[in-house]
Amino acid sequence: DYLFIQVVVDEPRTSTVQNCGNILAGVGQFAVEHGLVPGRDPETTVTIFMENSDSLADVTFPSPGGVPAYDGNARIDGVPGTSAPVMINFRDTEGSACGALLPTGNLVDTVQGVEVTCIDNGMPIVLMEASAFEKTGYESRDEMNADAELKAQIEAIRLEISHKMNLGDVTEKTVPKMTLVAPPQDGGAICTRSFIPHDCHAAIGVFAAVSVGTACVLEGSIAHRVAEVPGGALGTGTKLMSVEHPTGEFSVEMELVDDNGAPKIERAALLRTARRLFEGQLLIP
């Protein structure tokens with residue numbers, strides 16, 4: 001069992017509304033090292049119940065002799081150095097926080113004159129075309145964060161649309177994430193600038209990337225308008241979706257099946273890395 005608690009960086013409060021796929025990448029190794037599950041040789045797969053979303057993920061990592069290994073050649077854009085590969089397969093993440101893949105019931109909603117797509121496939125996000133804010137979508141993180149007017153407009157949209165997403169008043173919450181999208185710039189499927197929720201992310205979160213990739217294959221969504229989906233949006237089978245972000249790209253492997261003429265995400269998998277940094281104990285009186 002895995003419960004993620006989001007600590008707000010600049011405020012003394014926490015939240016359990018959302019998952020975190022980055023921390024998830026180290027949960028399996030921790031479980032083996034602390035005797036919660038047995039390690040296997042040469043690799044171990046741990047099925048993890050994510051309490052935040054009431055869903056499952058299968059995490060596979062190298063474990064020669066049953067001991068987790070951290071050294072390797074796997075590399076991820078936005079993460080320094082290399083490490084052992086950690087493969088994560090997500091199951092049943094649709095509507096994990098909002099109760100439905102499309103929590104408003106619409107592919108497109110209009111909020112304060114801006115068209116948006118609200119989607120939740122592991123992370124509630126609101127997708128908006130960068131051009132709607134007179135942006136290219138290729139601006140740097142620093143440029144985005146320096147634009148106080150842009151951030152205020154995005155926050156106003158977030159506070160209004162959250163009620164239609166079944167999230168209620170999100171003034172004190174870190175969801176939904178707000179994501180500007182544009183056509184891919186470096187050979188990927190789509191280009192993103194993700195706000196979490198007020199500052200532009202240097203990259204993009206794991207579950208946010210899954211939700212963006214899902215939106216790309218939904219014909220009529222904001223993401224679909226600008227995306228270049230391998231093999232076409234309505235094809236079935238395995239698609240490798242490259243989601244571009246300020247420091248590189250994030251690849252999501254998606255298994256699509258036909259659901260009465262519409263694509264349905266059967267499985268989403270991605271590559272992560274993890275490294276043991278330190279060990280600590282929390283003593284509660």
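Reader: How do you know which residue a number points to, and what does a predicted model count?

Author: Residues are numbered from 1 along each chain as its sequence is written, and as this is a predicted model, local features need pLDDT of at least 70, side-chain atom pairs count only at pLDDT 80 or more, and totals for chains, interfaces and linings use all residues. Side-chain values use heavy atoms, with hydrogens and water left out.

Reader: How many helices and strands does the protein have?

Author: There are 6 helices and 13 strands. Both are DSSP runs numbered from the N terminus: helices are H or I with at least four residues, strands are E with at least two.

Reader: What makes the protein as compact as a globular protein of that length?

Author: Its radius of gyration is 19 Å, close to the 19 Å from the globule rule for 285 residues, so it is as compact as a globular protein of that length. That radius is taken over C-alpha atoms, and the rule is 2.2 Å times the number of residues to the power 0.38. The C-alpha trace spans about 55 × 50 × 35 Å along its principal axes.

Reader: Why are F90 and F207 called a tilted aromatic pair?

Author: Rings of Phe, Tyr and Trp (its six-membered ring) pair if their centres lie within 6.5 Å; planes under 30 degrees apart are stacked, over 60 edge-to-face, and the rest tilted. By this rule the count comes to 1 aromatic pair. F90 and F207 sit 4.6 Å centre to centre with 50° between the planes, hence tilted. F90 is in strand β5 (residues 85–91) and F207 in helix α5 (residues 206–216), so the pair ties together parts that are 117 residues apart in sequence.

Reader: How do you know whether F90 is buried or exposed?

Author: Buried means under 20% relative accessible area, exposed over 50%, and partly exposed in between (1.4 Å probe, protein chains only). F90 has 3%, so it's buried. F207, at 2%, counts as buried too. Across the protein, buried residues make up 49% of the 285.

Reader: What makes strand β7 largely enclosed?

Author: In β7 (residues 114–120), 6 of the 7 residues are buried, so the rest of the structure largely encloses it. For β8, 5 of the 6 residues are buried, so that strand is largely enclosed as well.

Reader: Why do we say that β7 and strand β8 pair?

Author: Two strands pair if DSSP finds at least two bridges between them. β7 and β8 (residues 124–129) have 5 bridges in the antiparallel sense, so they pass. C118 has V126 as its bridge partner in β8. Their hairpin has 3 residues between the strands, and G122 takes a positive phi near 115° there.

Reader: Which other strands join in?

Author: Strand β6 (residues 109–111) runs antiparallel to β7 with 3 bridges; T110 partners E115. β8 runs parallel to strand β9 (residues 177–182) over 5 bridges, with K177 as the partner of I125.

Reader: What lines the second largest pocket?

Author: Among its lining residues are F90, R91, D92, N121 and K264. A pocket here is an open set of points on a 1 Å grid over the protein atoms alone where a 1.4 Å probe fits, with protein on both sides within 12 Å along at least five of seven lines; lining residues have an atom within 4 Å of a point. The largest share of the lining, 5 residues, comes from β13.
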